[in-house]
Amino acid sequence: MQPLNLPKYEIKVGRRDGRLTIFDELRRRHVALTPEEWVRQHFVHYLIEHLSYPAGLMANEVQLKVGDKNLRCDTLLYNKELQPQMIIEYKAPTVALTQRVFDQISTYNLLLHVPYLTVSNGLQHICCQMDYDTQTYHFLQDIPVYNEL
């Protein structure tokens with residue numbers, strides 16, 4: 001897999017039915033190792049180990065329902081009151097972080113109304129803070145540490 005712009009960690013890779021898997025700390029099981037999953041696992045590790053995000057307040061592959069349509073949020077971070085705080089969307093390193101990616105995460109946010117939206121392809125990471133009073137957002141220089149959210 002491609003090196004990422006994220007800290008390295010002790011990756012737990014396995015094999016199931018002839019396919020590579022990677023251990024997901026949040027789901028506590030091995031999942032298929034795809035380029036997007038490679039980014040997810042590195043980014044989740046970064047949030048937990050380097051930015052002090054509590055693993056117990058994060059969830060991967062969260063189901064959302066919009067009318068008849070089922071959507072899946074890549075990672076959802078909750079605050080201590082268990083209210084959604086940040087939506088994180090991952091793409092493979094070969095996928096550019098375009099307006100289309102932000103449109104996708106914005107669709108999820110129509111349901112969740114979170115203060116922070118984050119996207120990463122493992123090479124580039126973008127976080128924006130929502131301002132619902134002025135119906136605007138601003139891009140942050142860095143991903144904030146958990147206690148600054």
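Keep in mind that the model is predicted.

Let's begin with the sheet. Strands pair through backbone hydrogen bonds, in either a parallel or an antiparallel way. Here, three strands make an open sheet ordered S1-S2-S3, with antiparallel pairing. Strand S1 (13-16) and strand S3 (29-32) are at the edges, and each has a single partner strand, so one side of each has no neighbour in the sheet. From one strand to the next, the twist averages 45°. Four bridges link S1 to strand S2 (residues 19-24) in the antiparallel sense, and Val13 sits opposite Ile22 in S2. Packed on this sheet is helix H1 (residues 35-51), which touches S2 and S3 and runs in a direction about 25° from that of S2.

H1 also leads us to a pocket. It provides five residues, the largest share, to the lining of the second largest pocket. That pocket holds about 180 Å³ of space. Of its 13 lining residues, Tyr9, Glu25, Val44, His45 and Ile48 lie nearest the centre. By class, the lining has seven nonpolar, two polar and four charged residues.

Now for the largest pocket, with about 220 Å³ of space. It too is lined by 13 residues, and Phe102, Ser106, Leu117, Met130 and Tyr137 are the closest to its centre. Helix H2 (99-112), strand S8 (125-131) and strand S9 (136-139) each contribute at least two residues to this lining, with H2 giving the most, six residues. Sorted by class, the lining of the largest pocket has eight nonpolar, four polar and one charged residues.

Key. Residues numbered from 1 in each chain as written. Predicted model: local features only at pLDDT ≥ 70, side-chain atom pairs only at ≥ 80, totals over all residues. Heavy atoms only, no water. Pairing = 2+ DSSP bridges. Axes fitted to C-alpha atoms, helices over the stretch in contact; angles between N-to-C directions. Contact = heavy atoms within 4.5 Å. 1 Å grid on protein atoms, 1.4 Å probe; cavity = no way out; pocket = protein on both sides within 12 Å on 5 of 7 lines; lining within 4 Å. Points joined across faces, edges and corners; volume = space filled by probe spheres on them. Nonpolar A, V, L, I, M, F, W, Y, C, P; charged D, E, K, R; others polar.
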